[in-house]
Amino acid sequence: MSTVDRTPKPSFTKGLFLGQIQSELVMPFPLIEGDERVRVDAAVASAREYLASFDPWKAEEAGWVGDDVIRDLGERKLTGMFVDEKYGGLGLSQSGYCRVMEEFGYVDGTLAVVMGVHQSIGTKPLYLFGTDDQKARWLPDLAAGRKLAAFVLTEPNVGSDAYNLETWAERQSDGSWLLNGEKRWIGNGSKDVLTVFARSELGHVALIVEKGMDGLSTGPRFETLGLRANNLQRVHFNNVRVPAENLLGEPGDGFRIAMNTLNNGRMSMGTAISGGMKRFLEIAYDHVSTRRQFDRHLIDFEMVEEKLAWMAAQIYGLESSSYLTTGLVDAGVADFSLESAMTKVEASDRGWYALNRAFQLLGGEAFMNRHPLAKALRDFRIFPIFEGSNDVMRAYVALNGLKALSEDLPDVASIKLSDPGRAFGELAPYVSGRIGRALRPERLEGAHRAFSGRVSSVAGQVVRLRDAAEGALRTHGKKVQEKQLVQKRLAEAASGIYSQIATIARASAIFARDGEPISGAEKTVAMNYLKKTEREVGRELRGLEINDDKYVAQIGRSVRDRRGYPFEL
Ligand SMILES: Cc1cc2nc3c(=O)[nH]c(=O)nc-3n(C[C@H](O)[C@H](O)[C@H](O)COP(=O)(O)OP(=O)(O)OC[C@H]3O[C@@H](n4cnc5c(N)ncnc54)[C@H](O)[C@@H]3O)c2cc1C
């Protein structure tokens, strides 16, 4: 990786809502280079070598990926990819970790999720918030795969609204905690090291609970549509006494720890999905290049070819925004929560559409139960729902952007938008990174000349986003917090602009490093993605002015009144 500058920097996407393009945050694109490249290549090779013998069907039948698999991955340190070498991990950067997660996503959605639960959200709270003692105590076993970690947040009455937890932790006179409550849908819930989120009189807490503690029980496990080797558990706490030294951070930090972990963890879902999309494309290609109908190969029909091209362009765009975001983390940008949320939404939606296209191209073949796409269909459907449901993420992005803009407009600041963090996740408290109204050029600086037209287009889109966001604030005032259709369009527009910037940055970096390829193929795929996404952004922003929202609300009321379809034929 190029030199890492750890000084806190402001949020790139909040800047977009203010009409700013902070080129220095995204240019040059953070390619994995130097020593880090060597380490990442070695980890990718190790994962590939091992995964070649992994059997997803066997894991599914067994209902667990297999203790032997975890042991073998542990021996390769692939269960501790970002954990520091001193604790037995590989010490990879965020970009490096996410790059290896692509390999897991390519091979099997379930194994990718088990790895993600253990590392991205299970081990991450300790890694980010543990003291040296806590890290020394738990990280070596977790990195080596001798123990598995879980992230224990969701409850029967608490899903997206994670602030309102019911699990209760009572502080005891000796500083320990007495934990009571029930959690559900917990991956690795019956395993070893659980970061449990609860409320207490001192605010939210994050407690490390270990397998075997008195009062801790799990099960029965959930039977699920997909991800069947993921061992999804109910977890019960009946007067579980948790020692004082198992508290992460301070009392009151629990919600922040949960949200920061998710912000950080979402990125590997993005790259695991792009790994999956590459596999879908290959499966589709293999089929349409060999299957003949109407005296020719299916690939020779334009509507077939268009689906393959769409998938390739989407993967290109998604890779660009995913690795731009991981690069922000590696460069020490403190506030990457919006980029991480946008990448998660983009990956999970586009991954699903890509799977649908591949499925279509396979015809009836993919509908057969033992087909990998049939399994992927079951495994991938959860991605738009967990680790932050996509609509909740859209609201989060828009409200954070609007809040930044409202604070920046003296005459609008008085409407005081409430903190979207509490409703939708922790609002990044990066005061040092607050965006000022400094005049700055609104063009992306440093792009390759091949993209100068696109750079101008993006500049125009950013101005329109800012105008639209300002218009929303002035039209709706504080009520903009309830205007989710406005929020959705603003979030989609911001996300589209971000992914275009990422794509320009990525292709520019490749052209700068390797020269513009003579084949023109990479420029073509980048251009195709950029133009498609530009049109999508235009549609979203136009939709703020011209839409059917009033009908939507009326129909919604009719559905409520009739408790279903309201019309007779
Ligand atoms: C396979 C699987 C694995 C999981 N693993 C874990 C785990 O390891 N640890 C853990 O803690 N949890 C885990 N979960 C729980 C998961 O994170 C939750 O399912 C998720 O947070 C959504 O909560 P919910 O399902 O209760 O949906 P709800 O919160 O009830 O929401 C349902 C839908 O309502 C809509 N909605 C909700 N709120 C809003 C809003 N404010 N604005 C607009 N629309 C809204 C969205 O469309 C949303 O998808 C897992 C779940 C599954 C199914």
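The conversation below covers the ligand shell, a helix pair and a domain contact.

Me: What kind of model is this, and how are residues numbered?
Reply: This is a predicted model, in which local features need pLDDT of at least 70, side-chain atom pairs count only at pLDDT 80 or more, and totals for chains, interfaces and linings use all residues. Residues are numbered from 1 along each chain as its sequence is written.

Me: How many residues surround the ligand?
Reply: The ligand is surrounded by 21 residues (C-beta atom, placed from the backbone, within 6 Å). The closest are Leu153, Thr154, Gly159, Ser160 and Ser389.

Me: Which elements give two or more residues to that shell?
Reply: They are strand S1 (149-152), strand S3 (177-187) and helix H13 (390-408). Helices (H or I, at least four residues) and strands (E, at least two) are DSSP runs, numbered from the N terminus.

Me: At what angle do H11 and H13 pack?
Reply: Helix H11 (residues 337-362) and H13 pack at about 145°, with axes 9 Å apart. Axes are lines fitted to C-alpha atoms over the stretch in contact, and angles run from 0 to 180 degrees between N-to-C directions.

Me: Which residues make the contact?
Reply: Among them are Leu338 and Met342 of H11, and Met393 and Val397 of H13 (C-beta atoms, placed from the backbone, within 7 Å).

Me: Changing topic, how many residues of domain 1 are in contact with domain 3?
Reply: In domain 1, 29 residues are in contact with 33 residues of domain 3. H6 gives the most to the domain 1 side, with 11 residues.

Notes: Contact = placed C-beta atoms within 7 Å.
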